[in-house]
Amino acid sequence: MSGSLVIQQSGNSVVTDLGRFRGPRFGLPVNGALDQFSARAANILTGNADSAPLLEITALDFRMRATTDILVAVTGAPLRLTVDGRECQQWEPISVRAGETVALRQITGGLRAYLAVHGSVEAPVLLGSCAPDTVIGFGLRLTDGTELKTSRSVPPIRQPYFDLPLFRLGLTRPEFSSHAVVEVTDGPDVDEFGDTADLLYSTEYTVSARSNHIGLRLGGDLPERQSGAEVLSRGVPVGAIEVPSRDELLVLHRGRGVTAGYPVLAVVTTRSLDVLAQARPGHTITFRRTTVPDATAKHRAALRELENLRSTVSTVFALLGIGSRPSWQQFAPAAGS
Amino acid sequence: MPATATPTPVEVFESGDAALRVVASSPDREANWSTVHALAGWLEAAGADGVHGAVPTYDSLLVEFDPGVTSARQVRAFVLLGMRQLDFIGAPARAPREFSVPVVYGGEYGPDLERVAEHEQLPVEEIIALHTAKSYVIRCLGAPAGSPMMDGPDFPLPVPRLKDPRLSVPAGAVAVAGRQAVIAPAMAPGGWCVIGQTPLAVLDVTSEPLVPYLPGDLLRFHPIRPEEFTTYAGRKLEAAQ
């Protein structure tokens, strides 16, 4: 049964997905959920495909009401999660009844939370993705009163013993801290910085308030480019670390312009981009050098963890009949039938 | 894409765990450009699991991939295979299309026209004449939103960027910087000198592709009067038949 989510307090929230991977060849940044691990986990916890549209809620309090019974999961930065005033666990599926209010308050420790709904929500699509693109003005930014269409309803599932959490699926949650260690590999232009490149690994940087989904600006001792030769515009990867000015280090994130003319000092690993996505202004960051094979191995280990979660969720959901007929009905015919 | 019988050699550089940078660094800039664009075309056409796509610019190509599905090592091998194919079959030729772009120069449409004229020590009319004097090859699609990046007009001097970039440049802005020229498909911040504006819509987010041109296509500007601006309203940039 289709229904809708009525946004009561939008804060700073959008509908997004894992990104517009076909965008860069057309000059559009990939965009999409900045903390990809948390976004994938939220979708998996609600039985969705990893790439299904979900809500990204940044920094500010958020509240919505469901018009039908639904199943949701909230991941990402630690926060206070309630359903009609009942405290609920993040990183677990939650059953929400029609008319109940889901509230996310006091996002602390990190910056971005993800809310997925079983069956997902409807959003406009461009080049295969609903991810907002602020430069071309595409995407669904939520405002108070926005109604998001949902496609599936899930009958209420509730513990008979009130307030005990319904699920304990046991995903290892990422750690959130005001000091993050971010792993990087040497960039293709590291030699242009000579010995000053090492400053990147010995300096503690502070996240500036002028950071956003396009890039994080970090204050601290800056490596300096040794040559002044003109650089032709070229494609720059997400995670590229550049020194465009004497004031700040620039770390490009998923909203980055696809081409630029600055030398790339280092590149943040896929795994550590999720860590950066949760860094708040004022948080401190140190960089640690790693290798591409090691970075790939860590990313794949995280994906395996998500695959394990997916298989647990699919077993539990099959037993409860979420997304299909309950499988226990096959074993236990109703009395009198 | 113009045919190149013999692509120039390329070097492949690590660029994080999800991208590689491929660089053609022969002394022949034209050959470098055709090589990286031909290679991008081959990579798109061949397709490989986990390879998201390729972003070619002037002498380099960024190949992006999903490190959960493939790896830098495998993608490097795929790129080198592409180069051997291009060596063998040559780069495919595509007849360039031509785009004609009406521009209102100066005034509110081109707030930096006089600044550029002053810098070049030429009359404003001469700046317009030089800007409309030739067809430009679209070298690559840049930020923001698939901007057509072109080698600039034959001005005597490179054009310096604005000291204070504008927070917002309107869609259709026709701009120059250094030895390059561009049209802004979407409203965005910008540090290039805006000398005019086209009334045509360059970007259409309701259709694919979002912009009508490809690298290798030709683009030519022609001046129109300010009062003609509105007569083009709602029209899209399209290739000449």
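A: **Where the two chains meet**

The side chains of B:Arg21 and A:Asp189 meet in a salt bridge, 2.8 Å from N to O. A salt bridge here is a side-chain nitrogen of Lys or Arg within 4 Å of a carboxyl oxygen of Asp or Glu. This is a predicted model: local features need pLDDT of at least 70, side-chain atom pairs count only at pLDDT 80 or more, and totals for chains, interfaces and linings use all residues. Residues are numbered from 1 along each chain as its sequence is written, chains are lettered from A and ligands numbered from 1 in the order in which they are written, and side-chain values use heavy atoms, with hydrogens and water left out.

The whole structure holds 25 salt bridges over all chains. B:Arg21 lies in strand E2 of chain B, and A:Asp189 in the loop between strand E13 (179–186) and helix H2 (199–202) of chain A, so this pair joins two chains. Helices (H or I, at least four residues) and strands (E, at least two) are DSSP runs, numbered from the N terminus. Across the interface of chain B and chain A, the rule finds 3 salt bridges.

Now the wider interface. In all, 41 residues of chain B are in contact (heavy atoms within 4.5 Å) with 34 residues of chain A. Between them the chains bury about 3200 Å², 59% of it on carbon and sulfur atoms. Buried area is the accessible area (1.4 Å probe) that two parts lose on being put together, summed over both.

Two charges also sit over rings. The charged end of A:Arg271 is over the ring of A:Phe37, 4.8 Å from its centre. B:Arg139 lies over the face of B:Trp33, at 4.5 Å from the ring centre. The rule asks for NZ of Lys or CZ of Arg within 6 Å of the ring centre and within 35 degrees of the ring normal.
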